[in-house]
Amino acid sequence: MKYYIVIPAHNEQDLIGLTLQSLVTQTVLPSKVVVVNDNSTDKTEEVVLSFAKENPFISVVNKTSDAIHMPGSKVIQAFQKGYETLDSDYDIIVKIDGDLIFPSNYFETIIKHFESDPRVGMAGGFCYIEKNGGWILENLTDKDHIRGALKAYRKETFQQIGGLRPAMGWDTVDELLCKYYDWKIITDESLHVKHLKPTGANYNKIARYKQGEAFYTLGYGFWITAIASAKLAMMKKKPFLFLDYIKGFWKAKKNKTPLLVTPEQAKFIRKYRFQKMKQKLI
């Protein structure tokens, strides 16, 4: 199976080389890697071009956008710009961040998951962060969720869910729509990926309300939002974030912010979320 990779990158001169090095040493090489140099003011482009010289499947696309790091929209707009430069002769499309180091068998293993069952729509490993000289699981989500930093989609799945939404919550709505269309999601605990910059390191104060807005746009409704907000605030060990998330939810509701899903999909999502919560309580 052929896989293409798109890497949105903003000021990643110190880390993108490590990511690309881990890609060019994969046991099964990508057919194409597009790095979208998104408004970088450092030498990100030069680092990528030095890799492209030796590895013709690597290319760079330059994009100018707002320098403010808003979760979701900026990164997916950059992904989209890179994706539009690709042809459709692939089996798997991958979106990764420019601050990851993959084990050499990562994509060979991901391909095997897709080949093992035609209903597997998404697959991914797990992000590990450095702490006290060791690497520990970046434990921000459930084990059945693929982190936004390393998403791999079967082409047919990617097309059916309508690609990626340029909004916070994109890396949750993709999986919920996978479930809606009856695709399987595989998370492989044997695949440890080094995440060199912890998630959310660059988010500003406006962004904290965005999480609550994202819960609203996913069609969660108030009660699921309240439970999800409490859980996330606890996982991040910042209890007051709960209030920010709830404020964001009510703000989005008041402003009649458009949902990322149809009413029918929202109904399915609420039912699915409640079932998951019930399972955990039993």
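Residues are numbered from 1 along each chain as its sequence is written, and side-chain values use heavy atoms, with hydrogens and water left out. Because the model is predicted, local features need pLDDT of at least 70 and side-chain atom pairs count only at pLDDT 80 or more, while totals for chains, interfaces and linings use all residues.

Helices and strands are DSSP runs numbered from the N terminus (helices H or I, at least four residues; strands E, at least two). Helix α1 (residues 16–24) packs on helix α2 (residues 44–54) at an angle of about 20°, with the axes 10 Å apart; axes are lines fitted to C-alpha atoms, for helices over the stretch in contact, and angles run from 0 to 180 degrees between N-to-C directions. The angle makes α1 roughly parallel to α2, given that angles under 35 degrees count as roughly parallel, over 145 as roughly antiparallel, 65 to 115 as roughly perpendicular and the rest as oblique. On the α1 side, the contact is made by I16, G17, L20, Q21 and V24, and on the α2 side by T44, V47, V48 and F51, where contact means heavy atoms within 4.5 Å.

A second pair is formed by helix α7 (residues 207–217) and helix α9 (residues 241–254), whose axes come within 6 Å and cross at roughly 55°. These two helices are therefore oblique to each other. Residues of α7 including R208, Y209 and Y216 meet a set in α9 that includes L241, Y245 and F249.

K74 lies in helix α3 (residues 73–83) and is buried, with a relative accessible area of 8%; buried means under 20% relative accessible area, exposed over 50%, and partly exposed in between (1.4 Å probe, protein chains only). The K74 side chain makes a polar contact with the side chain of D38 at 3.2 Å. Such a contact is a pair of N or O atoms within 3.5 Å; within protein, one must be able to donate a hydrogen and the other to accept it, and residues adjacent in sequence count only if both atoms are side-chain atoms. By contrast, G162, in the loop between α5 (155–160) and α6 (170–180), counts as exposed because its relative accessibility is 53%.

The whole structure contains 0 disulfides, a disulfide being a pair of cysteine sulfur atoms within 2.5 Å. The sulfur of C127 is 18 Å from the closest cysteine sulfur, in C178, and is therefore too far for a bond. C127 is buried at 1% relative accessibility, and C178 is buried at 0%.
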